[in-house]
Amino acid sequence: MTERVHESTIGAQSRMITVEIMGRPYSVPDGLTMLRAMWYTGHEVVRGAGCLGGFCGACAATYRTKDDVRLRNTLACQMLVEDGMSFFLNFSYYPNRKSIYDLDQISDPKQELFKIYPEASLCRNCNACTEACPQGIDVRDGVWKAVFGDFQKVSEMFMDCVMCGQCIPVCIADIAPNHVALYASRAHGARLTAPPQNLTRRVDEIRSGKYTDEWKKILSMSEEELKAAGQPSK
Ligand code: SF4
Ligand code: SF4
Ligand code: FES
């Protein structure tokens, strides 16, 4: 994954460059992210702006750089504008099917994939999803790994998935690869790995009432007492 842009380190520099936003040319300061360039030029971006840190996936955008025919996808809060760049923010929501499932009620999570997302096995290997992913995930390979039951590998491969949805509209087999991967990752974590021992022990302690008195004491404390209790002891 590419290094994240930290908004606080970006200063609007004096050099002005020309970019095209949704087909119209604008002059903007060099050094802005795409998202800030949109705000700078008066575009109201409400849907499409979230964390500004490259994590929430709300700001999916498509762009082309000067003299490059290829369309590329990115996260607009992470991509700096370039002179001659043309871009738009993908405000669209793709009405993909998100299956509802209860992992506790599933007897065989790997087989259940074919009931929950039967289209996953129809992948035609076109690789468009991988090409569309701004996070550099090998999405096509992830779909195949899910179909072949390697849920652990899927969960590792999709660790950086921000659910931007860019892989959905390009799929010629009507698969929503991100949701297939999310199911495989959830099933792996919830059903196919041993529960973490320390966490299990602590939950048992809480249920047995080990911390009840301490908890009641904390709840009865004033704000000042809580602040004082939070100070490191000298
Ligand atoms: S896998 Fe799909 S939803 Fe996840 S980051 Fe890549 S394009 Fe976005
Ligand atoms: S876009 Fe769809 S059909 Fe093409 S490789 Fe990805 S999942 Fe398979
Ligand atoms: S606004 Fe959250 S990833 Fe860009």
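Author: Helix α6, spanning residues 177–191, has 15 residues and reaches 21 Å from its first C-alpha to its last, close to the 21 Å expected at 1.5 Å a residue; that expected span is 1.5 Å times one less than the number of residues. Helices here are DSSP runs (H or I, at least four residues) and strands likewise (E, at least two), numbered from the N terminus. This is a predicted model, in which local features need pLDDT of at least 70, side-chain atom pairs count only at pLDDT 80 or more, and totals for chains, interfaces and linings use all residues. Residues are numbered from 1 along each chain as its sequence is written, while chains are lettered from A and ligands numbered from 1 in the order in which they are written.

Within α6, the buried residues include Pro177, Asn178, His179 and Val180, where buried means that 20 or more other C-beta atoms, placed from the backbone, lie within 10 Å of the residue's own. Among the elements that cover the buried residues of α6 are α2 (109–116), α3 (128–132), α4 (139–147) and α5 (151–157).

As for the wider setting, the domain assignment, which is automatic or from a database, gives domain 1 (7–89) and domain 2 (103–191). The C-alpha centres of the two domains lie 29 Å apart.

How values were computed
A residue is buried if 20 or more other C-beta atoms lie within 10 Å of its own, exposed if 12 or fewer, and partly exposed in between; C-beta atoms are placed from the backbone. Two residues are in contact if their C-beta atoms, placed from the backbone, lie within 7 Å.
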